[in-house]
Amino acid sequence: QDFKDASDAVKHIFTSNVLRQTALDSLQGRGPSQIFTPVCSIPELEALMYNWSFFETNIHSRSYSHIIRNIYNVPKDVFNTIHDTKEIVDMASSVGEYYDRLHTINSKLAVGLVQDYVEREHIKAIWLALHASYALEALRFMVSFATSLAMVENKIYIGNGNIISLILQDELLHTEWTAWLINNVVKDDPRFASIVDECAAEVYALYEAVIAEEKAWADYLFIKGPVIGLNAEILKEFVDFTAFNRLKDIGIRYQGSHPKTTPIPWFNKHVNIGKKQSALQETESTNYVIGVMSDTVDKEALPALWV
């Protein structure tokens, strides 16, 4: 019903955003297991990669599919437009470029084509693919979630917002462990430590390209008009704010200008879902707290149930 009553601008924003989420999530669903698993050297890390892919493919992509199927009468017609939207295709390509480079080297090794193998190039490909993955998890997904949750702030698409809030919690976890891998692999493996300076310019260029694409996406997303509380300029500021903080987490100094505080403060309550509560009769709650018990009660202070 919200979609039927929405303006053309809101319909464009909602549809474009969920299609982008579908495309990027599908890419990330295949990425970890196909690209990173062949270079995992311990079973715990290999299990992490399969877990990563499971969430992206079996939960997130199906959730986006569920959202679209509940809005459009012929959902396949909407899904098919993903490849017609240049902005979405370009984003997927910028991630896929680094995944493809690593996948090519992994595949050559797997079939025994080692005559032109250079280990240092393999290490660099892993390093760049990790950063491409981090850019997707820490920047691209966060921008798309901010767009989805702006609708919730306007009291529309509440059901969609509940689903996105849960996906957001997963992606924050994926962001944290990708940052952990980037920060720790250079400490544990001297081969990675030796290529950090050599790849520094290319790594930063990778993030610059992502930031530029996200800002161009903001212009495309709001081309028909804004929603209350979010427009292209605010979303661009959010890109800069998020980039500064997320790059700092992996030891990279963001060279662009950025706001000192978040331009969309309401996003924080969706990040920390434990701080919000919805009555179940109002919405499908993701975190409902009632009748909380404590083991620190003074039994002597309790009133008698009978006289």
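The chain contains eleven helices and zero strands, where helices (H or I, at least four residues) and strands (E, at least two) are DSSP runs numbered from the N terminus. The structure is a predicted model, in which local features need pLDDT of at least 70 and side-chain atom pairs count only at pLDDT 80 or more, while totals for chains, interfaces and linings use all residues. Residues are numbered from 1 along each chain as its sequence is written, and side-chain values use heavy atoms, with hydrogens and water left out.

Taken along the principal axes, the C-alpha atoms of the chain fill a box of roughly 85 × 55 × 40 Å. Of the 307 residues, 47% count as buried, a class that means under 20% relative accessible area, as against over 50% for exposed and values in between for partly exposed (1.4 Å probe, protein chains only). The chain exposes about 16,200 Å², of which carbon and sulfur atoms supply 55%; accessible areas come from the Shrake-Rupley method with a 1.4 Å probe, and for residues only the protein chains shown count as cover. Among contacts (heavy atoms within 4.5 Å) with a separation of 6 or more, 77% are accounted for by residues 24 or more positions apart.

The axes of α5 (residues 86–110) and α9 (residues 196–221) come within 9 Å and cross at roughly 165°, which makes α5 roughly antiparallel to α9. Here axes are lines fitted to C-alpha atoms, for helices over the stretch in contact, and angles run from 0 to 180 degrees between N-to-C directions; angles over 145 degrees count as roughly antiparallel, those under 35 as roughly parallel, 65 to 115 as roughly perpendicular and the rest as oblique. In this contact, Glu87, Ile88, Asp90, Met91, Ser94, Tyr98 and Arg101 of α5 meet Glu202, Leu206, Glu213, Glu214, Trp217 and Tyr220 of α9. These residues divide into six nonpolar, one polar and six charged, where Ala, Val, Leu, Ile, Met, Phe, Trp, Tyr, Cys and Pro count as nonpolar, Asp, Glu, Lys and Arg as charged, and the others, Gly among them, as polar.

The loop between α6 (119–153) and α7 (158–188) holds Lys155, and Tyr157 is found in the loop between α6 and α7 as well. Phi of Lys155 is near 65°, a positive value in a residue other than glycine, and Tyr157, likewise not a glycine, has a positive phi of about 55°. Lys155 counts as exposed because its relative accessibility is 66%, whereas Tyr157, at 6%, counts as buried.
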